[in-house]
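Good morning, everyone; I would like to walk you through one structure today, moving from the whole chain down to single side chains. Please have a look at it first.

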Amino acid sequence: MARFLGIYIILVIIGMGLLELPMLDAFYRYFGIVLAALSGIIIHLVDAQVNIAGAVLSQPNGGFSIEVTTECQAIELTWLYCAAILAWTATWKDK
């Protein structure tokens, strides 16, 4: 268990540091636009009055309006999950 925690903490520190690099800002913006488009498609199945403008979803009749920001993308949580899987003591096939 100590080996797992050591590797996990190292991977989390490295990954979180890499996620803060300024060169990834363009990736985060593009990823937000893709998430908004996919969400808009799913919402459009239920409500045909959804507008998608970049990373913003809105209703034309003054309903909701939401922007997919970098905080909404769960990239940090995904990295925490991946770090736990990578640090787990198992064969690559079992991971």
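This is a predicted model: local features need pLDDT of at least 70, side-chain atom pairs count only at pLDDT 80 or more; totals for chains, interfaces and linings use all residues.

Of the 95 residues in the protein chain, 18% are buried, where buried stands for under 20% relative accessible area, exposed for over 50% and partly exposed for what lies in between, with a 1.4 Å probe and protein chains only. Residues are numbered from 1 along each chain as its sequence is written, and side-chain values use heavy atoms, with hydrogens and water left out.

The protein chain has 3 helices and 3 strands, and from the N terminus on these elements follow the order α-α-β-β-β-α; helices (H or I, at least four residues) and strands (E, at least two) are DSSP runs, numbered from the N terminus. The radius of gyration of the protein chain is 18 Å, well over the 12 Å that the globule rule gives for 95 residues, so the chain is more spread out than a compact globule. That radius is taken over C-alpha atoms, and the rule is 2.2 Å times the number of residues to the power 0.38. Along the principal axes, the C-alpha atoms fill a box of roughly 55 × 30 × 20 Å.

What makes up the largest nonpolar core? The answer is Phe-4, Leu-11, Val-12, Ala-83 and Ala-87, 5 residues in all, a core being a set of buried Ala, Val, Leu, Ile, Met, Phe, Trp, Tyr and Cys residues joined through side-chain atoms within 4.5 Å. Helices α1 (2-19) and α3 (75-87) each supply at least two residues of this core, and the largest share, 3 residues, comes from α1.

Let me stay with this region for a moment. Leaving aside neighbours within four places in sequence, Ala-83 is in contact (heavy atoms within 4.5 Å) with Tyr-8, Leu-11 and Val-12. Trp-79, which is found in helix α3, touches Leu-11, Val-12, Gly-15, Met-16 and Leu-19, again not counting residues up to four places away in sequence. Trp-79 counts as partly exposed because its relative accessibility is 24%.
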